[in-house]
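Visitor: Could you walk me through this one?

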Amino acid sequence: MSKENYIFETKNLSKFFRDPVDFQALKNVDISIKRGEFVSIIGSSGSGKSTLLYVLSTLDTDYEGQIFLDGEDLSKKTKNQLAEIRNAKIGFVFQFHYLLPEFTVLENVMLPALKLAKYPEPEIKKRAMEKLEMLGLADQADKRANKLSGGQQQRVAIVRALINDPDIIFGDEPTGNLDSKNAQNVFDTFKELKEKFGQTILVVTHDMALAAQTDRSIRLHDGEVVK
Amino acid sequence: MSFFKSPVFRIAMTHLVSKKRQTIVAMLGVTFGIAIFIFQAGLMSGFQSTFIEETVNTTANVRIYNDVQEVRQSILEMSNTNKNAWIVVRNQKPKDEDPKVKDGKQIMDLIEKDPEVLGVSPFIGTQSLFRLGLAQASGRVSGVNIEKENAIFDLEKYMTEGNLLDLETSPNGIILGEGLAKKLGAKIGDNMTVTSPKGVALDMRVTGIHKSGITELDNARAFINIHNGQKLLGVDGSYITDINIKLKDINTAETIAKHYHDKFGFKAQDWKAANENIFSVFKIQNLVTYLIIISILIVSGFGIFNILMMIIYEKMPDIAILKATGFKDKDIKIIFLIESLMIGIFGGLLGLLIGFLMQKIVGSIRMDINGFVSMKYLKFNSSPGFFIFAYCFGLIVTALAGYIPARKAAKVDAIDIIRSK
Ligand SMILES: Nc1ncnc2c1ncn2[C@@H]1O[C@H](COP(=O)(O)OP(=O)(O)O)[C@@H](O)[C@H]1O
Ligand SMILES: [Mg+2]
C-alpha cells in the first residue's frame, strides 16, 4: 500500500438513506486520488454522484467506511474538527454559485480566510486580489456579488474555494447551470489550476465532453464504482 | 483580530442592514418596552419612595406606648403547667384601660442614655373636636414638646406658615395641619376651641400651619404643647401616652424595639411594623406594574424572534455556504445572537433615552396632586441603578428571544439546502 501517494482516499464507503424507504445510495466505494490529479465523477442522474461528493466533503457524516485526507482519517473527527478541516483543507464549488449576495466579490473570497485567520487581514486581501487577478476577475472585486453574471459568479466561487490553499477542491456539477461557453471557461480555469499550481480537483459532471478533459473519470452506477 | 472585524460580526451586521425596515421595527419594539419601563416603573417607584420617605419621616423609628388592646395571658394560663389541659377564660378585660406610659419620665431618661439613640420625645395624644366660629372639624391633637418633636420629625421643614417654635413661647398656641386649617378656615392668629372627649375645652390661638405631605395626616392633625394636652385629658404633668424615639441607624429599629419592649414592658413598635400595610399595598402595586412591563417586553421579544426567523429562512443558502466553507454551528449561532443583541442594545439605548426624556418632560409639568400624598410635581425614580436594571432586563429578554432562532440556524442541515436548490 503506497498510501503516501494519495492525497485523498475512500475505503469501503457506503451510505444508506432510511427515509422514505431503506435505500443504499453508495456501495463500498473505493476511490484514490493522487496529489495534483484532476478527476471527474460521471454517471447517470440518480447514480449517487452528489451523495458521494457530500460525504467526501465532510458535510455529510452519516456514512460507513473511511475517508482519508492527506493520511488523516476523517471518519473519526468531531463536527467541529471537520468544520476546521473544511475551512483549511477543502475547497468547494456548487452547481448554484452560492455567494453571499450582500457582500462584494472581494469580501466573499476573503470570508473563509478571515475565518481561518492564518494571515492578518491586509495579507488576506492581497492574496484574494492575486487570485482574483489570476482568474481575470480583479476588475470585479468591489462589485456586489449578485451583480455578476452566472459564469463570473461561478469563477468567483472557485477563487473562494482556493483562498486557503486547500489540499483538494470538490465541485458538484459546477458547470451544470452554465451555457457551454461559460462551462468550458470554468473547466479551463480548473485545468489551469492543475497545471500551474498542481491543484488537486474532483468534479462531478454529466457532460462527457468536459469529463474527457480531465485526467481520468470515475463512473458511478447505482452507487457503485464501475471498473 | 478584534471581534468587530470578525467575519461573524460583519455577516450579522450585513443581515441587519439589508433588512433595515424590519430591523428598525424590531428595535422600536425594544425601545418602546424599555421607555415604558423607565417611565411607568420610574413613576411608581418614585411615588412609592416619596411616600415611604414622608411616611417614615412622620413615623417614629421606635414608638413606645401602652397597647391596652394587647392580648395578655391570663393568670390561670400562666400558672398552669399541664400542657394537655384546656383553659378557657371568657370576657377577659384589658387590665388597664388607661393608655398611660407609667414612669414615662424615667424611661425617657434611660433611653436618652442609649448610644444608639439620637432623640427622644414625649407625646400625649387624643381625639378632639376643633371649632372656629361656626366651622368645626374633628381630628387628633398631638401634645408635644415641640423642640424635641422637631428634633425627631424635622417639623420645621414642613411649616407652610408661622414659626414652629412659637408654640413653645405662646401659652395656648396650636399648629394646624394644612387640610384641617382649610376645613376650619383658620389663619395665623385666629382664636379657636379644642374640645377633648373628656369634655375639657381649651381656647387656643393658631400659631402655624403645617404640611407633612401625607394628606390623611394633614387633614386631621394639630400640635399643641404637651401641658395643654395633659390639661385636655385632665391628667397630671407626668402623664404621657407615647414615647417617640429617633435612632442613629433606622435599620436597627426592629431589634431595639424588641429590646425596649423586654426592658420596659410596654409595646415598642418599629417604623416598619407601623407601616406594614402600606408596604404590602406597594408590593401588590409593584407586582402588577412589573407584570405589565414584562408583558410589553415579551411582546417586543416576539418582534425580535420574528425578524430573526425571517432572516434565517431567507438566508438558508448563506448558512449552507458558510457551513460548507468551514464555519462551525457555534459561529452560525453567534451570528444570529449578535443580530438580536444589536437590536436589543441599540433599541434599548434609545428606549433609555426616550424614557429619560419622558420622565423629565412629565416631571417638569406642575401637577399639584393632592391624593394619597400631596406633591407639586410627579417624582420619578431616575437613579442610574434603575436605568441599568431596565436595560439589563431588556437585554435578557432580547437574548432569550434571539436564542431560539439562533439555535435553529445553527442546526440547519447544509446538505438539505444545497440539494434542494
Ligand atoms: N435525502 C435523501 N433521502 C433519500 N434518498 C435520497 C436523498 N438524497 C438522495 N437520495 C437518493 O439517492 C440517490 C442518489 O442521488 P444523488 O446523489 O443526488 O444522484 P446524482 O447526483 O448522481 O444525480 C437517488 O436515488 C436519490 O433519490
Ligand atoms: Mg446530483
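This is a predicted model: local features need pLDDT of at least 70, side-chain atom pairs count only at pLDDT 80 or more; totals for chains, interfaces and linings use all residues.

Guide: Residues are numbered from 1 along each chain as its sequence is written, chains are lettered from A and ligands numbered from 1 in the order written, and side-chain values use heavy atoms, with hydrogens and water left out.

Visitor: How are H3(A) and H5(A) oriented to each other?

Guide: Helices here are DSSP runs (H or I, at least four residues), strands likewise (E, at least two), numbered from the N terminus. H3 of chain A (105–116) packs on H5 of chain A (150–162) at about 30°, with axes 7 Å apart. Axes are lines fitted to C-alpha atoms, for helices over the stretch in contact, and angles run from 0 to 180 degrees between N-to-C directions. Angles under 35 degrees count as roughly parallel, over 145 as roughly antiparallel, 65 to 115 as roughly perpendicular and the rest as oblique, so H3(A) and H5(A) are roughly parallel.

Visitor: Which residues in H5(A) does H3(A) meet?

Guide: Contact means heavy atoms within 4.5 Å. From H3(A) come A:Val105, A:Asn108, A:Val109 and A:Pro112, and they meet A:Val156, A:Val159 and A:Arg160 in H5(A).

Visitor: And how do H2(B) and H12(B) lie to each other?

Guide: H2 of chain B (20–58) and H12 of chain B (276–314) pack at about 170°, their axes 8 Å apart. That angle therefore makes H2(B) and H12(B) roughly antiparallel.

Visitor: What area is buried between chain A and chain B?

Guide: Buried area is the accessible area (1.4 Å probe) that two parts lose on being put together, summed over both. The contact takes 27 residues from chain A and 26 from chain B. Carbon and sulfur atoms give 66% of the buried area, which comes to about 2,600 Å².

Visitor: Which residue forms a salt bridge with A:Lys115?

Guide: A salt bridge is a side-chain nitrogen of Lys or Arg within 4 Å of a carboxyl oxygen of Asp or Glu, and the rule finds five across the interface of chain A and chain B. For A:Lys115, the closest N and O atoms are 2.9 Å apart, and the partner is B:Asp331.
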